[in-house]
Amino acid sequence: MITVEEALGHVLALARVMPVETVALADAAGRWMAEPVAARRDQPPFDASAMDGYAVTDEAPLGATYTVVGEAGAGHGFGGRINAGEALRIFTGAPVPDGAQRVVLQESVRRDGAQITITEASANTNIRPRGDDFRLGQAFGPKRISASDLALLAAMNLPEVPVRRKPEVAIIATGDELVMPGETPGPDQIVASNSFAIKALVEQAGGRVRMLPIARDTEASLRAVFDLADGADLIVTIGGASVGDHDVVARLAEGMGLKRAFYKIAMRPGKPLMAGMMRGAPMLGLPGNPVSAIVCAHLFVLPLVRAMLGDPSPVLPLRQARLGSDVDATGPRTHYMRASLTMSPDAPVVTPFTRQDSALLGVLAEADALLVRPLGDGPRRAGDLAEYLPL
Ligand SMILES: Nc1nc2c(c(=O)[nH]1)N[C@H]1C(S)=C(S)[C@@H](COP(=O)(O)OP(=O)(O)OC[C@H]3O[C@@H](n4cnc5c(N)ncnc54)[C@H](O)[C@@H]3O)O[C@H]1N2
Ligand code: MOO
């Protein structure tokens with residue numbers, strides 16, 4: 001068995017960065033920019049007023065008076081220049097006229113006809129200089145595009161963005177015992193669950209999912225479903241990964257050309273994970289136990305998807321917290337314990353649940369974090385520092 005770190009290295013080595021496509025800005029949220037983009041203009045494109053008030057040519061000392069000579073609004077500049085003793089009525093976002101040194105707030109003047117008098121002096125110029133936000137040609141990205149990034153790209157006048165094509169992940173649940181949610185299970189059957197969590201995780205990471213029909217534990221059925229995965233960028237199977245007589249995924253995948261990178265990891269849950277290249281696409285064979293499959297998706301599927309999207313840091317760093325309870329020594333496998341996370345004044349506190357069976361979806365749904373107990377670690381006391389992965 002190899003360690004989680006070694007396995008991650010092998011998994012990331014399977015990644016090929018996705019090709020580039022161009023999408024409209026309105027469709028770019030959450031996509032991965034493929035290359036830096038350059039601003040097509042200065043922002044603001046002119047010295048702009050930050051307030052509603054009057055533009056004047058000096059420091060507007062208390063008691064100074066000016067004659068109002070015209071008006072500028074957002075989208076409607078004055079066009080001319082102002083001279084000493086003159087003021088321009090100006091509104092937020094309007095171009096500041098040539099000659100102006102500051103904009104006095106309208107609350108800080110008294111107006112009589114065309115005459116204004118300063119009633120409150122201020123050191124603020126209330127002018128946003130041209131290019132204060134960004135400059136023509138200024139580079140931005142590449143990164144995953146957030147809501148704020150969309151606004152910035154729009155302001156840069158970039159109607160389209162080059163992004164990485166979303167990797168398509170084929171998900172194959174396997175097992176004679178499985179039916180889809182909403183169907184009526186036979187007496188020996190259960191409802192397939194893991195694939196829904198894994199689909200959601202892949203989509204959150206920026207991939208898309210081809211959800212394939214459940215494969216039965218026969219060579220013919222698995223072969224047929226594998227054929228449906230043709231053309232996917234990543235194949236994820238669930239179940240049939242262990243040593244049982246009906247665990248046919250590994251055997252069949254190898255018969256179909258899987259070039260295995262590894263099989264079995266020193267981790268709990270998730271020991272019988274398998275990875276390799278199959279028909280030109282990376283394949284991850286996840287164990288069937290629901291929590292094992294979902295933990296493996298967090299630890300391996302998501303970093304692989306992120307690497308395919310060009311994320312330079314596809315593996316999320318572990319975080320530190322204080323243990324909320326004593327924990328036993330770990331055995332020969334790194335234990336990813338389902339845990340709750342609470343806040344205390346100095347540090348977060350991570351407390352593992354008592355029940356850690358890898359079949360318990362109810363416990364997983366309660367969990368905020370996976371407490372990472374390194375393999376071979378001794379017993380630890382409440383209050384000791386420990387590492388966790390947020391869920
Ligand atoms: N003799 C041994 N038995 C087992 C070992 C072992 O080392 N020696 N490893 C155990 C571990 S650890 C795990 S994890 C499981 C993994 O087994 P498989 O990957 O072969 O998974 P299955 O046998 O197909 O299923 C296990 C369990 O999970 C349920 N399952 C499967 N797929 C789904 C799904 N899509 N949704 C919900 N539940 C699913 C399935 O019904 C089984 O109950 O093997 C141990 N055994
Ligand atoms: O590794 Mo299994 O995934 O412990 O339940």
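1. Ground rules. Because the model is predicted, local features need pLDDT of at least 70 and side-chain atom pairs count only at pLDDT 80 or more, while totals for chains, interfaces and linings use all residues. Residues are numbered from 1 along each chain as its sequence is written, and chains are lettered from A and ligands numbered from 1 in the order in which they are written.

2. Ligand 1. The shell holds 26 residues, of which G239, A241, S242, P287 and G288 come nearest (near a molecule means that the C-beta atom, placed from the backbone, lies within 6 Å of it). Two elements, α3 (194-205) and α6 (290-308), each give two or more residues to this shell; helices (H or I, at least four residues) and strands (E, at least two) are DSSP runs, numbered from the N terminus. By type, the shell has eleven nonpolar, twelve polar and three charged residues (Ala, Val, Leu, Ile, Met, Phe, Trp, Tyr, Cys and Pro count as nonpolar, Asp, Glu, Lys and Arg as charged, and the others, Gly among them, as polar).

3. Ligand 2. Around this ligand you will find R268, P269, G270, K271, P287, N289, S292 and S358. Two of these are nonpolar, four polar and two charged.

4. Helix α6. Of its 19 residues, 18 are buried, so α6 is largely enclosed by the rest of the structure (buried means that 20 or more other C-beta atoms lie within 10 Å of the residue's own, with C-beta atoms placed from the backbone). α6 bends by about 45 degrees at A297, the bend being the angle between axes fitted to the seven residues ending there and the seven starting there. Just after the helix, G310 has a positive phi of about 90 degrees.

5. Strand β17. β17 runs parallel to β13 (residues 168-173), joined by five bridges, with A173 partnered by I238. β17 also pairs with β21 (residues 281-286) in the parallel sense over four bridges, where T237 stands opposite G285. Strands pair if DSSP finds at least two bridges between them.

6. The six-stranded sheet. This open sheet has mixed pairing and the order β7-β4-β6-β5-β9-β8. Its edge strands, β7 (102-105) and β8 (109-112), each pair on one side only. Within the sheet, β5 (residues 65-72) and β9 (residues 115-118) run antiparallel with three bridges, and Y66 has I116 as its bridge partner.

Technical notes. A residue is buried if 20 or more other C-beta atoms lie within 10 Å of its own, exposed if 12 or fewer, and partly exposed in between; C-beta atoms are placed from the backbone.
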